[in-house]
Amino acid sequence: MAIKGIDVSHWQGTIDWNKVKEAGIQFAIIKAGGSDDGFYTDSKWEANYKGAKAAGIPIGAYYFVGKDCVSAAAGKADAERFLKILKGKQLEYPVYMDNEAQPASAKTGITEATIAFCETMENAGYFVGIYGSTYSGFKERMDDGRLTPYAHWVAQYASKCTYSGNYGIWQYSSKGKVSGISGNVDLDYAYVDYPSVITKDGFNGYRKQTGDTSAPVTSSQREQVLAQARAWLGKNEADGSHREIIDVYNSKTPRARGYKVTYTDAWCATFVSAVSIKCGLTKIIPTECGCGQMVVLFITLKEWVEDDNYVPSPGDIIFYDWQDSGNGDNDGWPDHVGIVEKVSDKTITVIEGNKSNAVGRRTLQVSGKYIRGYGVPKYSTDSKDDKPAPEPAPKKTVDELAKEVLEGKWGNGDDRKNRLTAAGYDYSAVQAKVNELCRKQNADQPVYYTVKSGDTLSGIARKYGTSVSSIQQLNPTLIKNVNLIITGWKIRVK
C-alpha cells in the first residue's frame, strides 16, 4: 500500500502542520539546506522540523547540491555540511542527496560525488538515499548502475512511474494542494516502511533498540529462528510485502561484500540472513545474499555438513543445487536455500524465501535429489549443538579433481575457486595440479612450423631448442636433404 507524503522547503512558507496531518499526509521530506547558492541552511528547516514533529508526522530530509558538486571530494564536503545541519535531530525517513543542479556532461564526476556523499552519510549512521528524475536524473545525470546500494527517491510527474529500477519513494506531482499549505506542494508516495527499519536499527539519530519485540521470544535459539521464519510466511513480491525482509537484511552494516540487495534481486539467502539478523544470531548463521558465498561462510565457521544423507534438525539451513543429476554426491554450486522446519518419517519440511516469489514451505525426503548440503548452526541452548559440525571431508583426490577441472566440470576463474572451496577442497592444491597437467599436455603436443623465405633448418632448430637431425627424423618423408627446405612447407619441429 502506498504511503502518502509531501516534500517541502522555504518555498511553501509557513506551514500549519496540524492541518497537514489532518489532511491525511503520513510523512514529509524537508529541505535542510544546500550548496547551490553558497552553503546554507534552509530558512524554514528548523520550523518545519519542529512543526512536523509536534504534529506526529514522520520526516526525512534532503540537501540540494550545487553545480560544482562533480567530484568525490565535493560530494564528501557537502555530506559533512549536511551532517552539521542534522546534528541533534531524529528522522524516520532517509536523508537524501538532491542531484538537479549539476550539468549532465559531468556524469562521471556527479556519480563519484554521489557515492562519496552517500558513503559519508552511511558512515555517520544515516540511512541515505538519492533524489533524481527518471530520465534527466538517474538516466542522464548519474551512472545509476553504480548507485543501486542506496535508497532512490524518483521524480516523474505522470500517472505512473516508469523508472525500471528499485525505488522507495515516487514524487508524482509538483502541483499538489494540501490543507495547511499555501500554494502548490510536491506530492509523494512511499512504498517502504522506512520508520520501522530506521528507528529500530538506530539510523538517523535514533538509538538501536536492543529488545526486539517483533521477533517472538521462545525457549531456544532454534525455536526463535523457526518462529521468525513462520512469521514471514506469505510475504511475497506481488504485493511488495517481501520488502520488509529485504529492508531487514540491508539494515545490517557492513553488508556482505558491500552489496545492498534490491527488491528485484533473488532473495532466498537474504531471507535466511534476515531471520538471523532479527534473532540476533549472525555469529552462528552468517549473513549473505548469495547461496554459494553463504556456504563458504558456514565452512569457515566449521558448521558445514557435506553429507547429503544427513538427517537434519529443525533450524538447520538446507542448500539445493537444481543441476543435480541424481547420480553420486551432489557437489555443485548451490542455487537455493531454506530453513528446516521439521523432520517426520524422513520427510523434511523447509521454510524458504523466494519460493515462487514468496515465503513458503517445501517438502522433500532425507537424502533426496537436489540436496547440496547443510549449514548446522551451533545453537547455544541445545546440547546437541555443543558438538561441532563435522569437518568437510574431501571425497576425491587432487588428481581426480584436476582431471574434472580439465573436463570443464568445475567452471573457470572465481567460479571454480568458489565451487571447490564450497565443496571442502583445497583450491590451491587442485589448481596447482591442473597447471601441472596443462604443462604436460602442452609438452606432449606436436609443434609445427611453416617454412619462410630465407629459413635454414639449422636456424629453425636453434629457434625451437632442438637439432637439425631431430627435425629431419620427425619429417622423414618431407626432408630428404637437410640443406634443402622449401618455403611453405609445414614441418614438425617437436
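Two strands count as paired if DSSP finds at least two bridges between them. With that in place, take G132, which stands opposite V154 in strand β7. This is a predicted model, so please hear everything that follows with that in mind.

I'll stay with β7, residues 151–155. On one side, 5 bridges join β7 to strand β6, residues 128–133, and the two run parallel. β7 also pairs with strand β8, residues 169–176, in the parallel sense, over 3 bridges. In that pairing, A155 has Q171 of β8 as its bridge partner.

How many of the residues of β7 are buried? The count is 5 of 5, and the strand is mostly covered. In a regular strand the side chains alternate between the two faces of the sheet. Here A151, W153 and A155 are on one side, H152 and V154 are on the other, and all are buried.

Next, a helix pair. Two packed helices are described by the angle between their axes and the distance between the axes. For helix α7, residues 243–251, and helix α8, residues 268–279, the angle is about 65° and the axes are 8 Å apart. The crossing of α7 past α8 is left-handed. From α7, the residues in contact are I245, I246, V248 and Y249; they meet T270, F271, S273, A274, I277 and K278 of α8. Sorted by class, that contact has 7 nonpolar, 2 polar and 1 charged residues.

Last, E404, in helix α10, residues 398–406. Is E404 buried or exposed? Its relative accessible area is 14%, and the cut-off for buried is under 20%, so E404 is buried. Leaving out residues up to four places away in sequence, E404 touches K396, K409 and W410.

Technical notes:
Residues numbered from 1 in each chain as written. Predicted model: local features only at pLDDT ≥ 70, side-chain atom pairs only at ≥ 80, totals over all residues. Heavy atoms only, no water. Helix = DSSP H or I, 4+ residues; strand = E, 2+ residues; numbered from the N terminus. Buried < 20%, exposed > 50% of the residue type's maximum accessible area, 1.4 Å probe, protein only. Contact = heavy atoms within 4.5 Å. Axes fitted to C-alpha atoms, helices over the stretch in contact; angles between N-to-C directions. Left-handed = near helix turned anticlockwise from the far one by under 90°. Nonpolar A, V, L, I, M, F, W, Y, C, P; charged D, E, K, R; others polar.
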